[in-house]
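Here's a quick tour for anyone opening this one for the first time. Have a look around, then come back for the notes below.

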Amino acid sequence: MSPSPRLRRTAGLLLGAAAALVLATACSDTDNGSTPYAPTPPATTPANPPATQNAGEDRIVAENFAFDPDTLTVNPGEKVTVVNKDSTAHTVTATESGAFDTGTIDGGKSGTFTAPSKPGSYDFVCSFHSNMTGKLIVR
């Protein structure tokens with residue numbers, strides 16, 4: 001005796017539903033009942049973070065034979081970091097003798113200097129590349 005057409009249709013629907021359930025479970029974002037997978041977004045860091053006036057965060061970036069920013073305002077005696085992103089050496093040297101000087105910063109390295117204690121405007125230059133200029137404002 002063969003099954004009735006109604007029984008065959010019901011069995012077919014049940015098998016189809018079971019197959020769909022298996023596929024949905026296999027393609028879900030869960031791992032054995034644990035929490036869904038959520039990828040961690042990549043960390044983003046600006047190529048040239050903006051200069052700030054918070055102690056320890058002031059920086060000048062030498063890149064493509066230019067300073068960024070070319071004008072930086074800091075507090076007296078504040079530490080300034082210089083990041084050299086070029087492959088050649090640079091300096092940040094005050095044009096006013098002895099005000100500040102990083103010395104040679106090789107390509108891919110960083111250096112620091114301390115801002116003058118006297119408020120004012122101080123021009124600076126890379127002693128190797130006279131076209132690289134900027135201004136430090138101490139207030």
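Are Phe 100 and Phe 113 buried or exposed? Phe 100 is buried, and Phe 113 is buried too. Keep in mind as you read that this is a predicted model, with an average pLDDT of 78 for the protein.

- Of the residues, 59% score at least 70 in pLDDT.
- One stretch to treat with care is residues 21–31, where pLDDT stays under 50. The model gives that stretch 4 contacts beyond four places in sequence.
- Residues 40–56 also have a pLDDT below 50, and here the model shows 19 contacts beyond near neighbours in sequence.

**Strand β1 and its partners**

- Strand β1 covers residues 59–63 and pairs with strand β4, residues 79–84, in the parallel sense. That pairing runs over 4 bridges.
- Val 61 has Asp 68 in β2 as its bridge partner.
- Together β1 and β2 make a hairpin, with 2 residues between the strands. Asn 64, in the turn, has a positive phi of about 55 degrees.

- β5 is joined to strand β7, residues 120–125, by 2 bridges, and the two run antiparallel. Here Ala 94 has Phe 124 in β7 as its bridge partner.

**Aromatic rings**

- The structure has 4 aromatic pairs.
- Phe 67 and Phe 124 make an edge-to-face pair, with 5.2 Å centre to centre and 70 degrees between the planes.
- That pair links distant parts of the chain: Phe 67 belongs to strand β2 and Phe 124 to strand β7, and they are 57 residues apart.
- Why do both of these count as buried? Phe 67 counts as buried because its relative accessibility is 7%, and Phe 124 because its relative accessibility is 1%; the cut-off for buried is under 20%.
- Phe 100 and Phe 113, the two from the opening question, form a stacked pair: 4.5 Å centre to centre, with 15 degrees between the planes.
- Phe 100 lies in the loop between β5 and β6 (110–114), while Phe 113 is in strand β6, so their pair ties together parts 13 residues apart in sequence.
- Ring pairs join Phe 67, Phe 100, Phe 113, Tyr 122 and Phe 124 into a cluster.

**A salt bridge between strands**

- How many salt bridges does the structure hold? It holds 1.
- The partners are Asp 123 and Lys 135, whose closest N and O atoms are 3.4 Å apart.
- Asp 123 lies in strand β7 and Lys 135 in strand β8 (residues 133–138), so the pair ties together parts 12 residues apart in sequence.
- Asp 123, at 38% relative accessibility, counts as partly exposed, and so does Lys 135, at 30%.

**Thr 91 and what surrounds it**

- Thr 91 is in the loop between β4 and β5. It counts as buried, at 4% relative accessibility.
- What does its side chain join up with? A polar contact of 3.0 Å connects the side chains of Thr 91 and Thr 93.
- A polar atom of the Thr 91 side chain also lies 2.7 Å from the backbone nitrogen of Ser 127.
- Leaving out residues up to four places away in sequence, Thr 91 touches several residues, among them Phe 67, Asp 101, Thr 104, Val 125 and Ser 127.

**An exposed glycine**

- Gly 98 is in the loop between β5 and β6. At 76% relative accessibility, Gly 98 counts as exposed.
- Gly 98 and Pro 116 are 18 residues apart along the chain, and their C-alpha atoms are separated by 9.4 Å.

How values were computed. Residues are numbered from 1 along each chain as its sequence is written. This is a predicted model: local features need pLDDT of at least 70, side-chain atom pairs count only at pLDDT 80 or more; totals for chains, interfaces and linings use all residues. Side-chain values use heavy atoms; hydrogens and water are left out. Two strands pair if DSSP finds at least two bridges between them. Rings of Phe, Tyr and Trp (its six-membered ring) pair if their centres lie within 6.5 Å; planes under 30 degrees apart count as stacked, over 60 as edge-to-face and the rest as tilted. Buried means under 20% relative accessible area, exposed over 50%, partly exposed in between (1.4 Å probe, protein chains only). A salt bridge is a side-chain nitrogen of Lys or Arg within 4 Å of a carboxyl oxygen of Asp or Glu. pLDDT is the predictor's confidence in each residue, from 0 to 100. Contact means heavy atoms within 4.5 Å. A polar contact is a pair of N or O atoms within 3.5 Å; within protein, one must be able to donate a hydrogen and the other to accept it, and residues adjacent in sequence count only if both atoms are side-chain atoms.
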